[in-house]
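My notes are below, in the order I made them.

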Amino acid sequence: HHLFDERTDTLSGGQKQLVNLAAVLVTKPKILLLDEPTAQLDPLAATRFIQLLARIHQELGMTICIIEHRLEELVPYLDEILLLENQTIQYQLPPKQLIEKLTDNSMLRAFGAGPYIYSKAKLGSIPLTINEARLGLPTREIPYFTEDNFVNESLVFSAKELYFRYEKQGHDLLKNVSLSLHLGECLAILGGNGAGKTTLLYVLAGLLKPYKGKAMTLSVDTKRIAVLPQNPLTTFTKNTVRQELESVERVATARFNERLAFIEAHFQLQTLYDKHPFDLSGGQQQLLAFAKLYCLDCPIVLLDEPTKGLDTYYKGLIQKIMQQLCNEGTSIIIVTHDLDFAAEVASHCTMLFQGKLTSILTRRQFFTSNEYYTTSTRRITASISNTITADEAVSILTT
């Protein structure tokens, strides 16, 4: 209701997604087909939307078919899951039966922390909800993980007392925002839809100018900043995928050929080289935009929802690349709604709320101190350990 009088072109990506979904629902369709409806929603908004779909299905008898990479919240409500591989239907089964067949398949991660932990640690019947997973854990004492050890005093970027508004008489979207970024650090900025995360990223990149405060790099070596926007289409200017990648070479470093060889070996874009970027799927466009950014080899990288539209395999690949970049000294700021991904890649986390940043904490401090804005693994294992990722939980439950 608070968006009724707002112009649609002023809404955030997540807000546009919600308005679009609401507009479909008010037509009272008999069959509802949804293509990644939660891709741009913050975790709490995604949960509320999925619960709304469940009520519509149960109370109105509406048939619903959803294409989705993030299945954890959906699984308890699904009658069947259809799994496609190589343009062919591999399985069409109830959730629990399908999960039991995916023990060694990378798709297992898509079903969330509970099924993944129970399958890998061989804990018994596969749980479909957080509560089922929590109740089935062993009661024995589990070793705790030590605090994350990220120490680097080399400051490469600083923002001080930033204030920003889109209209002169409008309200401040950013209020007294300050942050520091160190060499090799990965800082995750989390928050709800419309909180101003994308705006903050663009201000930090110099694409938007604050009316008060300043964001700046602190050395000549870190002047180059690469940005991955929320909409990858805005990064494409050529007629083919091949030309898009080649266009990076003239502004990239000497490592361009090495980076391009890695992309060709792992991103599976060669078969798409002669296609127009606008003809790719949403996930392929995301990969191409990230590939261009990776080949640029900039010392500071700002990423807005880098895993949007990606399956578990490519999400894992992006995670490994980001960890490699940080080890090489690249400094990264990531805006994301994917809490599990943030827990894997970030060294520090913070939250943007009502235009202000909360305290910047180490990732373990952040996720263990939050009750709701935390990972599924944390909610499952909170009573026995301080694990925040599924692989951490598997490692302690199998030792």
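**Ground rules.** I am working with a predicted model, in which local features need pLDDT of at least 70 and side-chain atom pairs count only at pLDDT 80 or more, while totals for chains, interfaces and linings use all residues. I number residues from 1 along each chain as its sequence is written, and side-chain values use heavy atoms, with hydrogens and water left out. I take helices (H or I, at least four residues) and strands (E, at least two) as DSSP runs, numbered from the N terminus.

**Entry: α4.** I looked up burial (under 20% relative accessible area, 1.4 Å probe, protein chains only). In α4, eight of nine residues are buried: A113, G114, P115, Y116, I117, Y118, S119 and A121. These buried residues pack against α3 (95-100), α5 (130-135), α13 (376-381) and α14, with contact meaning heavy atoms within 4.5 Å. Just after α4, I noted a positive phi of about 50 degrees at K122.

**Entry: α4 and α14.** The axes of α4 (residues 113-121) and α14 (residues 390-397) come within 9 Å and cross at roughly 30 degrees. The two therefore count as roughly parallel (angles under 35 degrees; over 145 is roughly antiparallel). Their crossing is right-handed, that is, the near helix is turned clockwise from the far one by less than a right angle. I listed A113, Y116, I117, K120 and A121 of α4 as meeting A390, D391, A393, V394 and L397 of α14. By class, this contact has eight nonpolar, no polar and two charged residues.

**Entry: α10.** Helix α10 (residues 312-327) has 16 residues and reaches 23 Å from first to last C-alpha, close to the 22 Å expected at 1.5 Å a residue. Its buried residues include T312, Y314, L317, I318 and I321. Partners of the buried residues of α10 include β7 (186-190), α9 (282-296), β10 and β11 (331-335).

**Entry: α8 and α10.** I found these helices packed at an angle of about 160 degrees, with their axes 12 Å apart. This makes α8 roughly antiparallel to α10, and their crossing is right-handed. From α8, R259, F262 and H266 meet Y313, Y314, L317, I321, Q324 and L325 in α10.

**Entry: I300.** Is I300 buried or exposed? I300 counts as buried because its relative accessibility is 1%. I placed I300 in strand β10 (residues 300-304).

Methods:
Axes fitted to C-alpha atoms, helices over the stretch in contact; angles between N-to-C directions. Parallel < 35°, antiparallel > 145°, perpendicular 65-115°, else oblique. Nonpolar A, V, L, I, M, F, W, Y, C, P; charged D, E, K, R; others polar. Buried < 20%, exposed > 50% of the residue type's maximum accessible area, 1.4 Å probe, protein only. Expected span 1.5 Å × (residues − 1).
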